[in-house]
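Subject: Structure for you to look at

Dear colleague,

Please find below the structure that I promised to pass on, followed by my notes on what was found in it.

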Amino acid sequence: EKKFDAILTTPPFGLLQRDVKYETLRIEVLDHLMALRALDCMKDNGKAAIIIGGHTRYDKKGRIQKGKNRFFFNYLFSRYNIVDIIPIDGHKLYSRQGTSFDTRLILVDGRKSKPQGAAPLKDEIRDKVVDSFEELFERVMRLTTPRKEITMSTIELEAQALALELE
């Protein structure tokens, strides 16, 4: 547990044959359970990208509709730093690969030190469905920080190689 710097998962979608108790939650959906189990393996300061099925629906007050999704997302937002949840139009992006199922991409940047908070209310801009690969790329890239490239001189590389040989 908690040994991976990054988690990437796209679990199968569907309902469980019977509910599963996960901490304070009763999980009914396979991709929710598998997402939580994957997050169990992430380091506290790790990052995750998780694809789950469907689009988020909201009630008249702008809250996630009552039920399994509200419980799941409130749990996530209370325990993890959720950077974004991107609704993806499955028909427009994936029909050439043989599916047209709508999905959500959940981007996580570490675990909270203590549980607090809940899923945010509906936001027209944030909850706009992404329907092109360019739009998806742009949205993800706006949220990520570029890696620092490390360049080494030839002599530094040779020194590292020699040190490894001596070990």
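Is Phe72 buried or exposed? Phe72 is buried, with a relative accessible area of 1%, where buried means under 20% relative accessible area, exposed means over 50% and partly exposed lies in between, with a 1.4 Å probe and protein chains only.

Before going further, please keep in mind that this is a predicted model, in which local features need pLDDT of at least 70 and side-chain atom pairs count only at pLDDT 80 or more, while totals for chains, interfaces and linings use all residues. Residues are numbered from 1 along each chain as its sequence is written, and side-chain values use heavy atoms, with hydrogens and water left out.

Overall picture

The protein chain has 5 helices and 6 strands, these being DSSP runs numbered from the N terminus, with helices of type H or I and at least four residues, and strands of type E and at least two. Along the sequence they follow the pattern β-β-β-α-β-α-β-α-β-α-α. The radius of gyration of the protein chain, taken over C-alpha atoms, is 19 Å, well over the 15 Å that the globule rule (2.2 Å times the number of residues to the power 0.38) gives for 167 residues, so the chain is more spread out than a compact globule. Its C-alpha atoms fill a box of roughly 65 × 35 × 30 Å along the principal axes, and buried residues make up 33% of the 167 residues. The accessible surface of the protein chain, from the Shrake-Rupley method with a 1.4 Å probe and, for residues, with only the protein chains shown counting as cover, comes to about 11,600 Å², of which 54% belongs to carbon and sulfur atoms.

The strands

Strands of a sheet pair through backbone hydrogen bonds, either parallel or antiparallel. Here two strands are said to pair if DSSP finds at least two bridges between them, and on that basis 4 strands form an open sheet in the order S1-S4-S6-S5, with mixed pairing. Strand S1 (4-9) and strand S5 (80-88) stand at the edges with a single partner strand each, so one side of each is left without a neighbour in the sheet. Neighbouring strands of this sheet are turned by 10° against each other on average, direction ignored. S1 pairs with strand S4 (residues 42-53) in the parallel sense over 5 bridges, and Leu8 stands opposite Ala49 in S4.

Strand S2 (residues 15-22) and strand S3 (residues 25-29) run antiparallel and are joined by 4 bridges. In S3, Val29 is the bridge partner of Leu15, and Ile27 stands opposite Val20. The hairpin of S2 and S3 has 2 residues between the strands, and in it Glu23 takes a positive phi near 50°.

The helices and their contacts

Helix H2 (residues 68-79) lies across S4, S5 and strand S6 (103-111), running at about 140° to S5, whereas helix H4 (residues 133-143) lies across S5 and S6 at about 170° to S5; the axes are lines fitted to C-alpha atoms, for helices over the stretch in contact, and angles run from 0 to 180 degrees between N-to-C directions.

Ala35 lies in helix H1 (residues 30-40) and counts as buried at 1% relative accessibility. Leaving aside neighbours within four places in sequence, Ala35 is in contact (heavy atoms within 4.5 Å) with Ile50, Ile52 and Phe72.

Aromatic pairs

A search of the whole structure finds 4 aromatic pairs, counted where rings of Phe, Tyr and Trp (its six-membered ring) have centres within 6.5 Å, with planes under 30 degrees apart called stacked, over 60 edge-to-face and the rest tilted. Among them is the edge-to-face pair of Phe72 and Phe73, at 5.1 Å centre to centre and 70° between the planes; Phe73 is also buried, with a relative accessible area of 1%. The rings of Tyr94 and Phe133 have their centres 6.3 Å apart and their planes at 80°, so this pair is edge-to-face. Tyr94 lies in helix H3 (residues 90-94) and Phe133 in helix H4, so the pair ties together parts that are 39 residues apart in sequence. Tyr94 is partly exposed at 21% relative accessible area, and Phe133 counts as partly exposed at 45%.
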